[in-house]
Amino acid sequence: MAAMSDPALDALMLPFADRRLAWPGAGALFLRAREGAALHAHAPRAALVCEQSFRPEYDALQRAGFSVRADGDDAFPLVLVLPPRQRDEARALLAEALARTSPGGTVVASMPNDAGARSGQADFEAQLGPASVLSKHKCRVFWATTAGADAGLAADWRALDAPRPILDGRWTSRPGVFAWDRIDPASALLAAQLPATLSGHGADLGAGWGFLSDQVLSRCPAVTALDVVEAERRALDCAHVNLQAHAERVALDFLWHDVTAGLPARYDFIVTNPPFHALRGEPRPELGRAFIAAAADALRPGGALWLVANRQLPYEEMFDARFASARLVAQQGGFKVVEAVRGR
């Protein structure tokens, strides 16, 4: 898919572009790192360690030649961070940035104005004290050293996005994961339409914290194996916890994987509630089409795709082009459920 502009990343590099900040010889850490032109222009690859739990961004950084990993615990004299929109998750990430900064080091954060930049700066300053600030690209970048940090507040905030029980304790989830504290109504609609006759080796694409996978395993006794496929590792870790009750009966595989890159196995059936927004919140209906294409390639002859999507999303041409048949199973609450069968 074509690369998109990233104003928050552009703003994050401003203090280095105008030499208000210098790159430390001992290197830097970039939390929730994203690849982009501004990073290539101002961040020396050899002096930057990137951490990213979202697989498409992880893969993009790796392809670009940056050192990237999912997580870590070492400290650096400079820590860059792109906080997310969800406030508890963002506060926890800022606290993580402080904890990963060497004494006397600098933390730099950037947020879009329409994604909470003002409150993000307030939270940043609550932890680190008064910040230097620049505004450009409809974003705000702010930075400060650790000299005035409130370590106690940061310690409290660091746990704000920790996994926790939700929905009367039946499930485990965490802030920042899609529909983190509720059952997504589209997934609930799809679960209610699934036939109990699903069997064999299946996959849940974009599984989130595991609700739809659990419904498949609870309702379909002939399922023998299920691949739980999710691009966000923070969600996949929760799914691993939520599905352990099924592990003795069914072979479960948890794949931290970008579905749009294709699938590594062949399946008898696939279920999915595909995303239609990108990581930064912009509409991306092509993501759903990529999920449909990946499913069509991975299904065995006669295998079925069960998909739920917003009713207005134009997926019908994909079904016509890639499947032998497709039928509208249900429409409710602005969503549609489709079963598409691959030809034999």
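A polar contact, as I use the term here, is a pair of N or O atoms within 3.5 Å, where one must be able to donate a hydrogen and the other to accept it. I keep in mind throughout that this is a predicted model.

Entry one, helix α10. With that definition in hand I looked at the N-terminal end of α10, and I found that Glu 232 caps it, a side-chain oxygen lying 3.1 Å from the backbone nitrogen of Arg 234. I then went along the helix, residues 233-242, and noted as buried Arg 234, Ala 235, Leu 236, Cys 238, Ala 239 and Asn 242. Looking up what these buried residues pack against, I listed helix α5 (87-99) together with the strands β9 (171-173), β11 (223-230) and β12 (251-256).

Entry two, Lys 336. I placed this residue in strand β16, which spans residues 335-341, and I read its relative accessible area as 3%, so I recorded Lys 336 as buried. I followed the side chain of Lys 336 to the backbone oxygen of Leu 313, which it reaches at 2.7 Å. Setting aside neighbours within four places in sequence, I noted contacts of Lys 336 that include Val 308, Asn 310, Glu 316 and Gln 331.

Notes:
Residues are numbered from 1 along each chain as its sequence is written. This is a predicted model: local features need pLDDT of at least 70, side-chain atom pairs count only at pLDDT 80 or more; totals for chains, interfaces and linings use all residues. Side-chain values use heavy atoms; hydrogens and water are left out. Helices (H or I, at least four residues) and strands (E, at least two) are DSSP runs, numbered from the N terminus. Buried means under 20% relative accessible area, exposed over 50%, partly exposed in between (1.4 Å probe, protein chains only). Contact means heavy atoms within 4.5 Å.
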